[in-house]
Amino acid sequence: MQHHVSVPSTESSMRPAPHSATGGDRRPWRLPRRPPDAALLTLLLAAVLWGYSLPRIGFRHMGDYGLLDRLPAVYYLSLLVLTAGFVLSLRRAGTAPWWPAAHCAALLFALKAPPAILYDAIRYPWASKHDAIVDTLLANGELRPNAALSGNMSAYDQWPGFFTLNAGLVRAFGVEGAAAYANWAPIVFGLLTLPVLVLIYRTFCEDWRLIWTGVWIFQLANWVGQDYFAPQALAYLLHLTVLAVVLRHFVRPGSAGRLRDRTFLDPVAAPVPPPTGKRQRAVCVVILAPLIAAINATHQLTPVMLTICLLALGLTRRYRNYGLLAVTALLMLTWDLTMGRPLFVEVLATVRKSLGELTQNSRAGYTGRLTGPGPELAGTANIVMVLLVAVLAGTAVVLRRRLTRSALPLLLVSVAPVPLFAVNDYGGEMLFRVYLFALPGAAFFAAAALVPALAGSHRTRARAVWRKASAFALPAVLLVLLAGFLPSYYGKEKMFYTPPEETALVTRALDDAPDGSLILATSGSFPQALHRYDRLDHWFFAEQALPDNEEMLKDPVSYLVKGIPPDTKAYVVLTRTQDIYAAGEGLLPPGGFETLRSKLSASPLFRTVESRPYGVVLEYHPADR
């Protein structure tokens, strides 16, 4: 006969005995309060430190290192605290994924919001031309894709999607122009990109630690500065959105094979999405067609990237969808041969010369030679960042072959843009664009190298060592990427911020210039450079190789006079920002800009209209006038 002994539960045994009705503390018993989450504490601490540092950022007096030595120590401390909090939040990412999500959003804001909050001018002087396009579109109320506009501005009327959208936003918000919100573009596009990235990564991985680490790495490695107020930012977001839908809803029936077997997959790999029939895929094509059309109406290069990525996906049985590929290619060609025909024909002519010129096509900028402490540090950091992400991603591809096998479509999408190096240099920017479009997949695999598989499966001594090493490698790599991002993004900030006085000088000069006048400047990288672009002509005469500019500096007066058409009113606008840009990008030798300014100002052929410490405006007066 068994005797049953009643054993109180742990919960009941820990409760205090009920108080008698005749005495003792009559306060009701409550569960003890849970201490605040460490992730929340670090998030709040980072926010306080960041907010404290904001008014102490000396952006008006930047030196050779841009904003790097004008950011107070407490700003850097806030980023360190935020990084530590993110690493801590990964421990509970499986049950509380909102904490790493909150840290990723906070990182985006901490890194890119200072210019939006502090600057009294549009960051990136060349972004002011996008504001000018919106103003011109609102003023004229029409597109002129076949008009011959200087400064390569015709292309923007041929791909007007971004600008028509912002013209509507300007009217809806009731603001004076797009400049009122342009500096917030990186934050807005970044926040919209986060859920799209998560959706893509979630297609191939179930481990929230790896997913959010990939998002974190993507943000730190996205230093190329293409998320500003420009068509590329919008087109890139739409590009990733199309890919996310394709990866989740275009799986062919019977194409997964052994990938349906969990024993064949990496422990963190997600199962292949359910297959879709022809009718469902056809409906998805109809849904995606407007998005693809919007990409074609917004940007020239992104439709090419999307077509190449879909072609690469077609190499797998899982995503071999020729119908979607045909629709994408057809929409691209239709736009290129109608609205975009003038530039498309021009680019085809240049492709004949650039085809196969790998060295030339992979150059960065006009000269590919950065000069000055800040730009040189930024260039070095760029290279280190690219190599680090590539090495990490390559390591994961080799060592986590089962994850690579299931995430092969993402790998193919990442390497698909690389062959474009053999086609064209895209104005010296092909290097940056290929990196940008390869980054989502590269960041995912880089995270896979740092975040080991969950501890519950395939325990081996090597995996145990990997898990222990990752505890140190993950925060170390994230700190290295953070250290690389800051000079990459802010090391050339002296070029990117322009004081309002310089903007006002240029605006006055271009407002006073008669219609049809020719505006001369070393480059188009200064504020309001293309103000009234539909009424003025432009010649950015130093946007050429350094040897050609060195020859020009021997006699700049004769050089410019030869290039000014007869009976044309011409004005030379030389500003502080042009000086900084020309020196930092290696367009002019040291002291070249001052030589140019002094020789032109001393010439009787150029009369000084206005001279300020931040710029000079000269009017051309030919000798026979």
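**Helix packing, nonpolar core and sheet of a predicted model**

Ser-89 touches Ala-39, Trp-99, Pro-100 and His-103, residues up to four places away in sequence being left out of the count; contact here denotes heavy atoms within 4.5 Å. The structure is a predicted model, in which local features need pLDDT of at least 70 and side-chain atom pairs count only at pLDDT 80 or more, whereas totals for chains, interfaces and linings use all residues. Residues are numbered from 1 along each chain as its sequence is written, and side-chain values use heavy atoms, with hydrogens and water left out.

Ser-89 belongs to helix H3 (residues 73-89). Helices (H or I, at least four residues) and strands (E, at least two) are DSSP runs, numbered from the N terminus. With a relative accessible area of 3%, Ser-89 is buried; the term buried applies under 20% relative accessible area, exposed over 50%, and partly exposed in between, as computed with a 1.4 Å probe on protein chains only. The protein chain contains 26 helices and five strands, and 53% of its 625 residues count as buried. Among its contacts between residues at least 6 apart in sequence, 76% join residues at least 24 apart.

The axes of helix H2 (residues 38-53) and helix H4 (residues 98-118) come within 11 Å and cross at roughly 5 degrees. Axes are lines fitted to C-alpha atoms, for helices over the stretch in contact, and angles run from 0 to 180 degrees between N-to-C directions. H2 and H4 are therefore roughly parallel to each other, in a scheme where angles under 35 degrees count as roughly parallel, over 145 as roughly antiparallel, 65 to 115 as roughly perpendicular and the rest as oblique. On the H2 side the contact is made by Ala-39, Leu-40, Thr-42, Leu-43 and Trp-50, and on the H4 side by Trp-99, Ala-102, His-103, Ala-106, Phe-109, Ala-110, Ala-113, Pro-114 and Ile-117. The residues of this contact comprise twelve nonpolar, two polar and no charged; Ala, Val, Leu, Ile, Met, Phe, Trp, Tyr, Cys and Pro count as nonpolar, Asp, Glu, Lys and Arg as charged, and the others, Gly among them, as polar.

The C-alpha atoms of Ser-154 and Arg-144, ten residues apart along the chain, are separated by 7.7 Å.

The largest nonpolar core has 191 residues, of which Leu-111, Tyr-201, Leu-210, Val-246, Phe-444, Leu-600 and Phe-606 touch the most other members. Helix H19 (residues 430-450) supplies the largest share of this core, 15 residues. A nonpolar core is a set of buried Ala, Val, Leu, Ile, Met, Phe, Trp, Tyr and Cys residues joined through side-chain atoms within 4.5 Å. Beyond four places in sequence, Phe-606 touches Val-557, Leu-560, Val-561, Val-572, Leu-600, Ser-601, Leu-618, Glu-619 and Tyr-620.

Five strands form an open sheet of mixed pairing, in the order S2-S1-S3-S5-S4; two strands pair if DSSP finds at least two bridges between them. Strand S2 (537-540) and strand S4 (606-612) stand at the edges, each with a single partner strand, so one side of each lacks a neighbour in the sheet. From one strand to the next, the twist averages 20 degrees. Strand S1 (residues 518-521) runs parallel to strand S3 (residues 570-575), to which three bridges join it, and Leu-518 stands opposite Ala-570 in S3. Helix H25 (residues 576-584) packs on the sheet, touching S1 and S3, and its direction makes about 70 degrees with that of S3. Helix H26 (residues 592-602) also packs on the sheet, where it touches S3, S4 and strand S5 (615-620); the direction of H26 makes about 145 degrees with that of S3.

S1 and S2 likewise run parallel and are joined by four bridges, with Ile-519 opposite His-538 in S2. The covered face of S2 carries His-538 and Phe-540, and the uncovered face Asp-537 and Trp-539. In the loop between S1 and S2 lies Gln-528, which has a positive phi of about 60 degrees although it is not a glycine. Arg-532 is found in the loop between S1 and S2, and its phi is also positive, near 60 degrees. Most residues other than glycine have a negative phi. Gln-528 counts as buried at 16% relative accessibility, and Arg-532 counts as buried at 17%.
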